[in-house]
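Here is a brief report on one protein model.

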Amino acid sequence: MSLNNDPRRYEHLSRIRLEDPEAIARAAATRRRHPGLKHSAQNFIVAADHPARGALAVGSQPMAMADRRDLLDRLQIALANPAVDGVLASPDIMDDLLLLGALEGKLVFGSMNRGGLAGLVNEFDDRFTGHTAAALEALGADGGKMLTRICLGDPDTVTTLEATARAIDSLAERKLIAMVEPFLSVRDAHGKVRNDLRADAVIKSVGIAEGLGSTSAYTWMKLPVVAEMERVMASTTMPTVLLGGDPDGSQDEVFASWQAALALPGVRGLTVGRTLLYPHDGDVAGAVATAASLLNNPAPVAAATDEHTMSDRIPVKVSE
């Protein structure tokens, strides 16, 4: 599949939603599941839940993710690579992908809390407005993801922490994975939420997040790649996937930082979106292939082209 400019290419999705909305549940029920998680294989999950939080920007393009047809094209290109294990998506995108048959044999993670809208006056009160644990179980999903921003100067943080703990318990009751994405965050002088990506701050956020809920049996961490990543990974025994965010560095720098972090104990793979779906050169398939080549898996994957070589510098500024 390639990027397509036909404005009617997804018109059938609207027709199905209008005439046969139960088709989504049928597609979920008949979907072939992922064969299962193994410690010997790192997982590669593509993230696409940003629009549901009003976060449409990629780099300098404020509305990059606004065109749903374009986003679905890019997701299908990424998911067509056999090295991509699955997707992390909000309910609307998940339903589209189910109807398109794009999730056969894939891991499926639902995005649970999208109420902390980008720029919202009470952004830290990150309400659970997306998938519920019960809905994920009904979909045959593998787990749910929750963004957990911790602002020590904002009283709404305690509400988010409590809701996150309840979601972890609800997922664990169903033996579903809770993918927790913690940050220590602040508001800058202009009122914009910023994540503190110093190693000490990330470590502190991990300590708080991994203690949420009455059990950690099904809890994973989803963490940014930062400087001193060895120290960060020493702070947890939870299976950990690396997030991509919207990085400041070049694509080569990002891939180099991922490669170094993927070699650390406890890192179980990548859960990334914008960096791969909207690469600087527009080559989604090439970016996905390069990222796949970094995974420490026994089975070889398609090698990246010379256009996707990696540098040795490691960027430290990424955000959810």
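## Buried charges and their partners

Asp 49 is buried, with a relative accessible area of 1%. This is a predicted model. Asp 49 forms a salt bridge with Lys 145, and their closest N and O atoms are 3.0 Å apart. The pair links distant parts of the chain: Asp 49 sits in the loop between S1 and helix H3 (68-79), Lys 145 in strand S4, 96 residues apart. Lys 145 also counts as buried, at 1% relative accessibility.

Glu 181 and Lys 222 meet through their side chains in another salt bridge (3.1 Å, N to O). Glu 181 belongs to strand S5 (residues 177-187) and Lys 222 to strand S7 (residues 219-224), 41 residues apart. Glu 181 is buried at 0% relative accessibility. Lys 222 is buried at 4%.

The structure holds 22 salt bridges.

Arg 33 forms a salt bridge with Asp 142, with the closest N and O atoms 3.7 Å apart. Arg 33 lies in the loop between H2 and strand S1 (43-48), and Asp 142 in the loop between H5 and strand S4 (143-150), so the pair ties together parts that are 109 residues apart in sequence. Arg 33 is partly exposed, at 42% relative accessibility. Asp 142 is buried, with a relative accessible area of 15%.

| Salt bridge | Closest N to O |
|---|---|
| Asp 49 and Lys 145 | 3.0 Å |
| Arg 33 and Asp 142 | 3.7 Å |

## Helix H2

Which residues of H2 (residues 23-30) are buried? They are Ala 23, Ile 24, Ala 27 and Ala 28. They cover an arc of only 140° around the axis, which puts them on the same side of H2. On the other side, Ala 25, Ala 29 and Thr 30 are exposed. The buried residues of H2 pack against three partners: helix H1 (11-19), helix H4 (91-99) and helix H5 (133-139).

## Thr 236

Thr 236 is located in the loop between helix H8 (229-233) and strand S8 (240-243). Thr 236 is buried, with a relative accessible area of 11%. Its side chain makes a polar contact with the side chain of Glu 210 (2.7 Å). A polar atom of the Thr 236 side chain also lies 2.9 Å from the backbone nitrogen of Met 238. Leaving aside residues up to four places away in sequence, Thr 236 touches Val 206, Glu 210 and Met 221.

Conventions:
Residues are numbered from 1 along each chain as its sequence is written. This is a predicted model: local features need pLDDT of at least 70, side-chain atom pairs count only at pLDDT 80 or more; totals for chains, interfaces and linings use all residues. Side-chain values use heavy atoms; hydrogens and water are left out. Buried means under 20% relative accessible area, exposed over 50%, partly exposed in between (1.4 Å probe, protein chains only). Helices (H or I, at least four residues) and strands (E, at least two) are DSSP runs, numbered from the N terminus. The arc is that of the directions from the helix axis to the C-beta atoms. Contact means heavy atoms within 4.5 Å. A polar contact is a pair of N or O atoms within 3.5 Å; within protein, one must be able to donate a hydrogen and the other to accept it, and residues adjacent in sequence count only if both atoms are side-chain atoms. A salt bridge is a side-chain nitrogen of Lys or Arg within 4 Å of a carboxyl oxygen of Asp or Glu.
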